Amino acid sequence: MKRLYKAMLIAGMSLAFSAQNSAAQDDDLHIFGYFQASFLHSIPEDSTVGKKSNTFNVQQLNVFLNKNLSDDFSAFINLEFTNSFSSERNWGSLNLEEAWMKYSANDAFNVKAGMLIPEFNNLNEIKNKTPLLPYIIRPLVYEASIATLVNLENYVPNRAFVQVYGKLPIADAAKFHYAVYAGNSDKLHINGGTGQRGIDTTTYKMIGGRVGLTYDNLKIGVSGTYDREKPAAVFGIVEVPRTRVGADLSYSIAGFTLEGEMIMVRYTLSDAEQHKLDSVGAHPILKYSYAPSLDKTFYYANLAYNITSDLYLYAGYGYMDDKSSRFWETGFKGINVGAGYRPIDEIVLKAQYGRYDGGYERAKYTQNSFYFAASVFF
Amino acid sequence: MIKKLLLSAIVLMLYTASSYAQVAVIVNKSVSASSLSAAKLLDIYSLSTKDWGGSKVVVYDRKSDDDTKSKFYNYVGKPAAEMKKVWMRVQLAGEGKAPEALASDDEIVKKVASTPGAIGYVSADKVTGDVKVVATIK
């Protein structure tokens, strides 16, 4: 009798717990994230600015909080720790990457408001989500470690504050996607050196968007933003209108996935502003560092092959230039080959070889790098 | 000897029957759609389509990697392992959560019957009158 009573009590408790759990599940605060731990072995070759590296690193750790506030509203927060973050040792950084509220009326109309990473080409929104990416070192303008050499915000928008987006069915397997957003002009952010922190007093705003099409395993799109940028102080130009135009494509067939993107950054200069650029480009000393144009270009292509659902190989090529700098003027190129293996769904083990080549006779950068990483989703 | 043969025949019949069991895609009766194509099911299970045109889609998956599951994902054109990657992408983008996975056909039928906008897939012989069948996979 005692046994029966015990069994009934346990069964009753289990039922009560599971009922409560399932009823509350969808509205619970959902905490999840990922990190990527990596090892880098880098060898400079004919390089004046590259350096030898042999190091372990927790490249990135992101923690997400997601909660459904109602059927139509949800909130999302993304905290990012980079480069083995330690405030004690003054390593790495902790950033609030995203904090937004979403209103979702239906598939065709959604609004995000707060701080968000806007849709621009295929990779921008997911560039920091390492478990989703086959590579360790991302295509050039999406790779945070290159940010120490060049301002990547010149190529892609990193922040927006409101985005309206959705998709509309065209046929059974085809959909039209759209996104329009607005944010601050990134280079006009106030920084700590001015005595103001956390407040962006810029007058100028960035507007942008993407339209795209998905059909079966094909995804294509074009993106664009318009804002104003403040070029390097040496040019003596306050702010100039900037247009970023991008195009992206990805297609999967028979285990192969091809993805590619291109971005063109163009500036609208008055004759007087162009004259200032020309003067700097012809200056006896400055001409060795600066070139008389602000335009920028980026493109990459990557081909991956899934040997099994858990094992893949890939090869890719990337190019970027910045016509305002002698170092970047003739282009910075990267060739990558690599492989990945998923022992379980939540872990990807990655290996990558990259050869990067850039610079000019005064500052050359040619480097061979070997990367190993584990990307863990939790 | 005859007993052994008979037993083998029964085991073979049972195996064959289970191998060829049909899979039924079921929805809550509040869903107006009467049939769904493989492409539409892929859209729904990829969490790309999230509303029925008025009410939210609630997707249920099954825990076990059994024949029913592999038949369903083969039919929609994306293996279950690939679908998990799609759900991870959706989750990391803050666009949704992976579908709740339930343990048995009976549980899926009950959940779909009691949840407005719900969809699931079960072995066809487990379907009851409480749900609506929108696709049958042979």
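## Contact between the chains

In this predicted model, 24 residues of chain B are in contact with 35 residues of chain A. Chain B and chain A bury about 2,500 Å² between them, and carbon and sulfur atoms account for 46% of that buried area. On the chain B side, B:Met88, B:Leu92 and B:Lys97 lose the most area to chain A, and together these residues make up 27% of what that side buries.

## Charged and polar pairs across the interface

The rule for salt bridges finds 5 of them across the interface of chain B and chain A. In one salt bridge, the side chain of A:Lys175 meets that of B:Asp43, with a distance of 2.5 Å from N to O. The rule for polar contacts finds 14 residue pairs across the interface of chain B and chain A, counting pairs in which both residues are at pLDDT 80 or more.

Two helices of chain B, α2 (38-45) and α4 (80-92), each supply at least two residues of the side that touches chain A. The largest share of that side comes from α4(B), which provides 8 residues. Sorted by class, the side of chain B that touches chain A has 13 charged residues, 6 polar residues and 5 nonpolar residues.

## Chain A as a whole

The secondary structure of chain A comes to 16 strands and 3 helices, and of the 378 residues in this chain, 42% are buried. When contacts in chain A between residues at least 6 apart in sequence are considered, 57% of them join residues at least 24 apart. Chain A exposes about 18,800 Å², and 62% of this area is supplied by carbon and sulfur atoms.

## A residue in strand β16

A:Ala373 lies in strand β16 of chain A, which covers residues 363-377. A:Ala373 counts as buried because its relative accessible area is 8%, whereas the cut-off for a buried residue is under 20%.

Leaving aside residues up to four places away in sequence, A:Ala373 touches A:Gln36, A:Ala37 and A:Ser38, together with A:Ile136 and with A:Val348, A:Leu349 and A:Lys350. A:Ala373 and A:Phe39 are 334 residues apart in sequence, yet their C-alpha atoms are 6.3 Å apart in space.

How values were computed
Residues numbered from 1 in each chain as written. Chains lettered and ligands numbered in written order. Predicted model: local features only at pLDDT ≥ 70, side-chain atom pairs only at ≥ 80, totals over all residues. Heavy atoms only, no water. Contact = heavy atoms within 4.5 Å. Buried area = accessible area lost by both parts, 1.4 Å probe. Salt bridge = Lys/Arg side-chain N within 4 Å of Asp/Glu carboxyl O. Polar contact = N/O pair within 3.5 Å; in protein donor to acceptor, adjacent residues only side chain to side chain. Helix = DSSP H or I, 4+ residues; strand = E, 2+ residues; numbered from the N terminus. Nonpolar A, V, L, I, M, F, W, Y, C, P; charged D, E, K, R; others polar. Buried < 20%, exposed > 50% of the residue type's maximum accessible area, 1.4 Å probe, protein only. Areas by Shrake-Rupley, 256 points an atom, 1.4 Å probe, with all protein chains shown as cover.
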